[in-house]
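Please have the sequence and the structure open.

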Amino acid sequence: MKIGIFTALFHDKPAEEAFKIIAAAGIQAIELGGGAYPGSRHLDDFGGAKKLIDDAGARKKLGKAASDLGLEIDSISIHGNPLHPNSSIAADHHEAFVNAVLLVEKLHKDGIIKEPVVNGFSGCPGDSARAKNPSWVTCPWPDEFRDVLDWQWKKKVIPYWKKQNAFLKEHGVRFAIEAHPGFVVYNPETVMKLRKAAGDQIGANFDPSHFWWQGIDPIAAARYLGEAGAIFHVHAKDTRIDPYNSGINGNLDTKSYADILHRSWVFRSVGFGHTLTWWKDFVSNLRMVGYDHILSIEHEDGLMSTTEGLKKAMDTLSAAVIAEKPGAMFWAKD
């Protein structure tokens with residue numbers, strides 16, 4: 001298992017400078033933004049997704065910029081909302097998805113990406129064909145909420161993703177959905193609901209940070225999704241639930257992420273929400289269900305600088321990966 005990072009953290013730096021910082025930190029792999037919400041800053045430094053799809057020389061330059069520093073490119077991420085009721089937003093995010101799939105296919109064939117995976121969100125439609133903004137349904141009553149949910153899945157979610165599953169299969173790429181509140185796929189059950197309805201090219205970009213505050217045990221979730229063969233990629237990000245604010249208000253919290261003092265939960269650097277022991281157990285459970293690829297760090301900790309956060313995450317993840325490294329029993333012979 002290798003430790004990677006989502007390079008959107010360094011969106012203010014040119015790709016080659018960001019890659020040098022990442023390599024110097026001991027990180028082994030990079031996840032690149034390909035459009036939609038995370039943008040495509042570092043792909044744009046090599047001409048952008050469209051140029052890279054068509055230009056083998058540009059792809060070679062991108063691959064070399066990473067490999068010369070000992071970095072592996074592990075995936076492209078286009079976290080967006082292709083089901084947005086605003087047609088211009090939906091079209092832009094769908095185009096980013098298509099380009100990412102085509103680019104990952106080429107990078108895989110070039111030997112630059114080992115596992116052909118695109119990461120992103122499921123999206124969320126509005127409440128009807130007349131909607132202007134997404135509507136995330138979180139309870140079945142009053143009955144109109146359930147009616148909205150049924151309409152979303154039957155009329156928008158399943159038709160769109162069935163079509164995209166066929167497209168993914170045609171190009172030999174898998175789509176790893178990050179289960180995220182605010183979108184129709186937000187927990188393990190909805191990951192499997194979409195996978196069952198749309199097809200097996202769709203699975204999970206497993207991020208434990210979004211599960212803790214929903215009351216989900218990430219290790220139980222990893223066992224459930226992993227045994228179904230549905231974990232395609234993993235994000236390493238931590239969460240801390242504030243016992244005082246949560247005790248008063250619960251964990252549904254719409255306050256700004258910057259209002260750390262008053263929020264019920266906040267994202268933390270790996271190791272500042274949960275212990276090394278927890279992360280060791282997480283790594284070993286991932287391996288038990290067959291995932292032995294990349295742990296891609298996402299740094300969204302409002303209490304720590306990038307340098308501090310990366311050091312803590314690397315210290316924790318390195319210890320977890322080394323401690324759980326599989327190997328022969330000490331008494332085994334050759």
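Buried here means under 20% relative accessible area, and exposed means over 50%. The model is predicted.

**The helix α4**

By that cut-off, the buried residues of α4 are A58, R59, L62, G63, A65 and A66. They sit on the same side of α4, because they cover an arc of only 155° around the axis. The face turned away from this buried side carries K60 and K61, both exposed.

α4 runs over residues 56–67, twelve in number. From its first C-alpha to its last it reaches 16 Å. That is close to the 16 Å expected at 1.5 Å a residue.

What covers the buried residues? Among the covering elements are the helices α1 (15–24), α2 (41–44), α3 (48–54) and α5 (87–109). The strands β2 (29–33) and β3 (72–77) also take part.

The N-terminal end of α4 is capped by D55. A side-chain oxygen of D55 lies 2.8 Å from the backbone nitrogen of G57.

Is D301 buried or exposed? Its relative accessibility is 5%, so D301 counts as buried.

Setting aside neighbours within four places in sequence, D301 is in contact with F267, R268 and S269. The D301 side chain also reaches two backbone nitrogens, that of S269 and that of L303.

| Side chain | Backbone nitrogen | Distance |
|---|---|---|
| D55 | G57 | 2.8 Å |
| D301 | S269 | 2.8 Å |
| D301 | L303 | 2.8 Å |

Notes
Residues are numbered from 1 along each chain as its sequence is written. This is a predicted model: local features need pLDDT of at least 70, side-chain atom pairs count only at pLDDT 80 or more; totals for chains, interfaces and linings use all residues. Side-chain values use heavy atoms; hydrogens and water are left out. Helices (H or I, at least four residues) and strands (E, at least two) are DSSP runs, numbered from the N terminus. The expected span of a helix is 1.5 Å times one less than its number of residues. Buried means under 20% relative accessible area, exposed over 50%, partly exposed in between (1.4 Å probe, protein chains only). The arc is that of the directions from the helix axis to the C-beta atoms. Contact means heavy atoms within 4.5 Å. A polar contact is a pair of N or O atoms within 3.5 Å; within protein, one must be able to donate a hydrogen and the other to accept it, and residues adjacent in sequence count only if both atoms are side-chain atoms.
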